[in-house]
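Subject: Structure handover

Hello,

I am passing on the structure we spoke about. Please look it over before reading my notes.

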Amino acid sequence: MGTTEARARSWINARLATMDPSSGHPYGALEGPHALRTRHGRIEAVMPMRDWRPASGEEAVDAAGRWMTPGLVDCHTHLVWGGDRAGEFERRLAGASYAEIAAGGGGIRATVRATRATSEEELARTAAERLAPLLAEGLTTVEIKSGYGLTLADELKQLRAARRVASLVTVRATTTLLAAHAVPPEFEGRADDYVSHVCDAILPAAAAEGLADAVDVFCERIAFSPEQCARVFGRARELGLPVKGHMEQLSNLGGSRLAASHGALSADHVEYLDEAGVEALAHAGTCAVLLPGAFYFLRETQRPPVEALRRAGVPMAVATDLNPGTSPFASLRLAANMACVLFGLTVEEAFAAITREAARALGLAGRRGVLAGGADADLALWSVPHPNALVYEPMAPRLWQRVLGGEIVA
């Protein structure tokens with residue numbers, strides 16, 4: 001990626017959507033012609049064109065009035081998996097519920113069987129292929145979870161495959177250990193024993209190999225109880241790993257309050273989040289990650305409490321939740337559009353949710369998702385009249401240039 005290259009590069013004659021909330025302007029917009037200079041993979045300066053002078057040996061890229069935004073950030077995906085679950089889609093349309101499919105050996109367990117049977121190399125290759133449409137719409141950072149292995153060897157295999165993705169395509173990838181995603185068949189009826197295995201074996205091994213940037217859990221009646229999730233959170237924190245959780249997707253078990261009590265980066269889904277949960281997230285500074293793709297695909301009706309989250313000042317991110325069973329949508333701009341139409345976000349909130357707030361949900365606030373001095377030079381340039389078009393018409397190909405660490409990438 002050339003992120004350590006000393007030579008400066010500037011983009012000139014650009015309009016900037018900095019996504020800086022302190023600017024006083026929607027989208028942090030700098031409408032007049034501006035320049036943005038990068039060096040050593042970081043943004044060195046943002047300035048009006050009247051103040052720009054080329055540095056010695058600097059390359060200048062003329063944006064010709066195009067809009068520049070931070071590169072998009074997808075902060076919740078299950079990108080690495082084996083197999084296919086198209087048949088479940090048909091079953092759900094015929095009336096079967098998510099819980100019924102899971103109870104019959106489908107759902108997560110079906111993907112577990114296929115993922116265990118797939119090599120690390122194949123998992124990495126197919127994950128990289130799935131990223132292609134996301135990269136084409138300006139993605140520069142993606143979070144990738146495990147959770148389809150559910151054995152020590154297979155969880156580590158998934159995480160290694162996730163790490164390899166960034167060597168196959170030009171993207172920044174963060175990895176999350178989600179071993180507490182489902183009870184595997186080997187531990188049928190012994191969820192507590194499996195949680196012990198996660199805490200005593202899988203978590204320490206992933207930490208020792210440096211394979212996980214965070215630890216996730218699925219807190220739900222069909223998965224793990226708050227008490228079991230608390231054990232995983234406690235062990236993760238002992239190992240120095242930040243935590244996050246799939247919370248309040250299908251019912252309210254108080255998972256978001258639990259996550260907040262452990263200083264979680266994010267609570268994700270949160271359709272059944274109550275007022276106490278909202279207050280806990282606000283107090284902890286935990287981000288709420290909205291996943292409208294799964295809401296749509298499962299034909300849910302309980303919407304997340306967006307107005308309460310907004311009123312309490314809880315940061316709201318939006319992600320694809322890209323996975324084979326409940327959100328097979330490889331478009332972050334579509335997720336942003338759905339968040340507006342289905343959940344009631346404003347267009348500006350939705351764009352912040354896939355840039356600035358998505359970076360916050362990954363523990364990267366101020367580092368990515370904004371155009372500011374010192375931030376990573378991960379950028380996207382667009383042929384649009386205004387950034388709101390990127391949410392308004394999510395499937396239109398408007399990307400002109402994608403930049404990672406100050407380097408222009410295909």
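This is a predicted model: local features need pLDDT of at least 70, side-chain atom pairs count only at pLDDT 80 or more; totals for chains, interfaces and linings use all residues.

The UniProt record, an unreviewed entry, gives the feature "binding site" at His 76, His 78, His 246 and Asp 321. These positions are spread over 246 residues of sequence, yet they cluster in space, with a largest C-alpha distance of 12.2 Å. From this set, His 78, His 246 and Asp 321 belong to the lining of the largest cavity.

His 76 sits in the loop that runs between strand S6 (72-74) and helix H1 (86-93). With a relative accessible area of 0%, His 76 counts as buried, because the cut-off is under 20%. Leaving out residues up to four places away in sequence, His 76 touches Glu 143, Lys 145, His 246, Asp 268, Val 289, Leu 291, Ala 319, Thr 320, Asp 321 and Leu 322. The side chain of His 76 also makes a polar contact of 3.2 Å with that of His 78.

Asp 321 lies in the loop between strand S13 (316-318) and helix H12 (332-343). Asp 321 is buried too, at a relative accessible area of 2%. Apart from neighbours within four places in sequence, its contacts are His 76, Thr 77, His 78, His 269, Leu 291, Ala 294, Thr 326 and Ser 327. Between the side chains of Asp 321 and His 78 there is a polar contact of 3.3 Å.

In short, His 78 has a side-chain polar contact with His 76 and another with Asp 321.

Regards

Key:
Residues are numbered from 1 along each chain as its sequence is written. Side-chain values use heavy atoms; hydrogens and water are left out. UniProt positions are given in the numbering used here, feature names are shortened, and annotations may be inferred rather than shown by experiment. On a 1 Å grid over the protein atoms alone, a cavity is a set of points where a 1.4 Å probe fits but cannot get out, and a pocket is an open set with protein on both sides within 12 Å along at least five of seven lines; lining residues have an atom within 4 Å of a point. Helices (H or I, at least four residues) and strands (E, at least two) are DSSP runs, numbered from the N terminus. Buried means under 20% relative accessible area, exposed over 50%, partly exposed in between (1.4 Å probe, protein chains only). Contact means heavy atoms within 4.5 Å. A polar contact is a pair of N or O atoms within 3.5 Å; within protein, one must be able to donate a hydrogen and the other to accept it, and residues adjacent in sequence count only if both atoms are side-chain atoms.
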